[in-house]
Amino acid sequence: MGTKKVNKPKLQKQAEEETESELKLFNDNIDLIITYSEVITSKKEFFYIELPSAYVGTYISGSAIVPLGLLITLWRDKKFTGQCKICGDLFLFIGGGGGLSGAYSAWGICSKCKTIDTPELPSGVRRLTEIQSLASKYSNFIKITKSRWEKGLVGEPTDDEVVREKIGLEELINHLKTLEKFEEVEQLKIDEFTD
């Protein structure tokens, strides 16, 4: 007997396709993101870009999305990087593990060959827990009503409110490509003037 194919709900398929598409965009443009890392970390609407495929967590504490600006800061400080098994630096964007077992895994993109790889992470789960704590401080919080299991909902409900404005990854990439072209044109003008 063959394996029966399970149909995924339409919204789940759409979410997976969007995540895959955004991961490809991230992978294809990692060099551009690294080149313009100062621009990204200095502008709050760029800093808080959330990638559905960029998160850290443990089985006990759950997971937290890591905003792009925080990823860049962690990369710059060598706290969420590794070595590609083939050729270059690996910029990590996913990490997860077990708080009790100490087992973990992390995934990153190589800046040279664009391979997604799973490196060793110094301090494993402890490092992931530290990053998760930072990510929760920088997340794009939404206000919600407090809940306590023994009392149900507590207090007055509030409207969902995004605390920090952000743009999408595709809009950022388009902006960075425009900036790159502008800088190339400016360099040509300088070269013409000095020749």
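Guide: We start with the strands and then turn to the rings.

This is a predicted model: local features need pLDDT of at least 70, side-chain atom pairs count only at pLDDT 80 or more, and totals for chains, interfaces and linings use all residues. Residues are numbered from 1 along each chain as its sequence is written, and side-chain values use heavy atoms, with hydrogens and water left out.

Take strand β4, residues 89–97, and strand β5, residues 104–110. They run antiparallel, joined by 7 bridges. Strands are DSSP runs of E, at least two residues, and helices are runs of H or I, at least four residues, numbered from the N terminus. Two strands pair if DSSP finds at least two bridges between them.

Now look at G108 in β5. L92 stands opposite G108. In β6, G108 has D117 as its bridge partner. Strand β6 covers residues 116–117 and runs antiparallel to β5, with 2 bridges. The β5 and β6 hairpin has 5 residues between the strands, and there K114 takes a positive phi near 65°.

Next, the rings. The structure holds 4 aromatic pairs. Rings of Phe, Tyr and Trp (its six-membered ring) pair if their centres lie within 6.5 Å; planes under 30 degrees apart are stacked, over 60 edge-to-face, the rest tilted. F26 and F93 pair edge-to-face, 5.7 Å centre to centre, with 80° between the planes. F26 lies in helix α1 (residues 10–28) and F93 in strand β4, 67 residues apart. F26, W75, F91 and F93 form one aromatic cluster.
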